[in-house]
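Here are some notes on the model for a first reading. Please keep the structure open alongside them.

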Amino acid sequence: MANVGGRTRPCNTTEARKRLLIAEEFLEVADLVVDERDEDASPVYASAAASLAVLAGIAASDAACCAALQERSRSQNHHEAEALLAQIEPDGRRAAKDLKDLLNLKDKAQYGFLPVSQRELTALMRKARQLVDFADEILRR
C-alpha cells in the first residue's frame, strides 16, 4: 500500500499481534478501572479509564495497519494514522472515524484539566472496543 502522507514504519503480522495484545491489555485495565469506580469516586478514575481506552485504540490501530498494510504511522501526531486506517477494506473508514473520536478526547483524558463525563467515557470505551475488534478481525483474515 502507498503511504498517504506522514511518517510511517514498516511492520508485519508478528508486530500486529503484539500491538493487538497490548491494546487488549489497555482495554482490560480500563474495564477494571470502570468496574471498580463507585459513585463517590474521584473524576480522576474516569480520566484514567479514558486515557487507557485511547491508548488501546492507538495500539489497535497500529495492529490493524501492520496486519493489512504492513506499515503503521510513526508520527507524533496520532491523527495521521487515521488516513492509513481508512485504506483498509472493508470498514477502514469506520475504524478511522473511531480513532479520530478517541483522539479528539485524548488531551482531555490524559491531562485532566477538564473532567471526562460518564457519557464521554462510555463512548470512548465503546470506540476502543470497536477498534480492538476491528484489528482482531483483520488479523484473523
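Predicted model: local features only at pLDDT ≥ 70, side-chain atom pairs only at ≥ 80, totals over all residues.

1. Residues are numbered from 1 along each chain as its sequence is written, and side-chain values use heavy atoms, with hydrogens and water left out.

2. Helix α1 (residues 13-36) and helix α2 (residues 43-69) pack with their axes 8 Å apart, at an angle of about 160°. That makes α1 roughly antiparallel to α2 (an angle over 145 degrees, on a scale from 0 to 180 between N-to-C directions). The crossing of α1 and α2 is left-handed (the near helix is turned anticlockwise from the far one by less than a right angle).

3. Helix α6 (residues 118-140) also packs on α1: the axes come within 10 Å and cross at roughly 155°. α1 is therefore roughly antiparallel to α6. This crossing, too, is left-handed. Residues in contact (heavy atoms within 4.5 Å) include L20, L27 and V34 of α1 and M125, V132 and L139 of α6.

4. K106 belongs to helix α5 (residues 106-111). K106 is buried (under 20% relative accessible area, 1.4 Å probe, protein chains only). It has no salt bridge (a side-chain nitrogen of Lys or Arg within 4 Å of a carboxyl oxygen of Asp or Glu); D107, the nearest side chain of opposite charge, is 4.5 Å away. Apart from neighbours within four places in sequence, K106 contacts V54, I58 and H78.

Note on methods
Helix = DSSP H or I, 4+ residues; strand = E, 2+ residues; numbered from the N terminus. Buried < 20%, exposed > 50% of the residue type's maximum accessible area, 1.4 Å probe, protein only. Lys, Arg positive; Asp, Glu negative; His and termini not counted. Parallel < 35°, antiparallel > 145°, perpendicular 65-115°, else oblique.
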